[in-house]
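Dear colleague,

Please find below the structure that I am handing over to you. My notes on what was found in it follow directly after.

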Amino acid sequence: MIDAHVHFWNFNKVKDAWITDEMKLLQSDYLPSHLEPILKENNIEGIIAVQADQRENETRFLLRLANENPLIKGVVGWIDLQNENPQNKLLYYSKYSTIKGFRHIVQNEPDGFLKNIKFLNGIKALQDFNFTYDI
């Protein structure tokens, strides 16, 4: 059994301002070592680590965690899919077998974002590298 959507972070009050006081429970570090006992207790064999921050250093952070933690079977990262040439980044990340796909958190984007031609071109480029797009 795999948990297909897990977030990790080192909590930073400024960077993670979206984690408001109404979500106080989340105002803490969440790393694989915190989750591992719960996974074992529930016979979960692995997880997919999914980005929670729309910065490329988040993708590198998740790749590092995956390299250090065999429970992480895959990573859904972030790149700028609106970039004029996302193929360069996709080619770079295709070297990492742990990367399974990418996502962009769209709920705070303006109306029509999902119809933006640059974004659609970025989504289309994913298929050339056998990556998924996760919503």
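The side chains of Asp-53 and Arg-55 form a salt bridge, with 3.8 Å from N to O; the term stands for a side-chain nitrogen of Lys or Arg within 4 Å of a carboxyl oxygen of Asp or Glu. Please note that this is a predicted model, in which local features need pLDDT of at least 70 and side-chain atom pairs count only at pLDDT 80 or more, while totals for chains, interfaces and linings use all residues. Residues are numbered from 1 along each chain as its sequence is written, and side-chain values use heavy atoms, with hydrogens and water left out.

Asp-53 is buried, at a relative accessible area of 12%, whereas Arg-55 is partly exposed at 38%. Here buried means under 20% relative accessible area, exposed over 50%, and partly exposed in between (1.4 Å probe, protein chains only).

Across the whole structure, the search finds 9 salt bridges. Another of them joins the side chains of Arg-60 and Glu-56, again at 3.8 Å from N to O. These two residues lie 4 residues apart in helix α2, separated by about one helical turn. Helices (H or I, at least four residues) and strands (E, at least two) are DSSP runs, numbered from the N terminus. Arg-60 is partly exposed, with a relative accessible area of 42%, and Glu-56 counts as buried at 16%. Salt bridges that share partners also link Lys-15, Asp-16, Asp-53 and Arg-55 into one network.

Lys-40 is exposed, at 56% relative accessibility, and Glu-36 is partly exposed, at 30%. In helix α1 they stand 4 residues apart, or about one helical turn.

Which residues of helix α1 are buried? In this helix, which covers residues 32-41, they are Pro-32, Leu-35 and Leu-39. Seen down the axis of α1, the buried residues fall within an arc of 65°, so they line one face of the helix; the arc is that of the directions from the helix axis to the C-beta atoms. The face turned away from this buried side carries the exposed residues Ser-33, Lys-40 and Glu-41. The buried residues of α1 pack against β1 (2-6), β2 (46-50), α2 (56-68) and β3 (72-77), where contact means heavy atoms within 4.5 Å. After α1 comes Asn-43, whose phi is positive, near 55°.

The largest nonpolar core has 27 residues, and those with the most contacts inside it are Phe-8, Ile-72 and Phe-102. Such a core is a set of buried Ala, Val, Leu, Ile, Met, Phe, Trp, Tyr and Cys residues joined through side-chain atoms within 4.5 Å. At least two residues of this core come from each of α1, β2, α2, β3, α3 (87-93), β4 (99-103) and α4 (117-126). Helix α2 gives the most to this core, with 5 residues. Leaving aside neighbours within four places in sequence, Phe-8 has contacts that include Tyr-30, Pro-32, Leu-35, Phe-61 and Ile-72.

Phe-8 also lines the largest cavity, together with Trp-9, Lys-15, Asp-16, Trp-18, Ala-52, Asp-53 and Glu-58. On a 1 Å grid over the protein atoms alone, a cavity is a set of points where a 1.4 Å probe fits but cannot get out, and lining residues have an atom within 4 Å of a point.

Yours sincerely

How values were computed
On a 1 Å grid over the protein atoms alone, a cavity is a set of points where a 1.4 Å probe fits but cannot get out, and a pocket is an open set with protein on both sides within 12 Å along at least five of seven lines; lining residues have an atom within 4 Å of a point.
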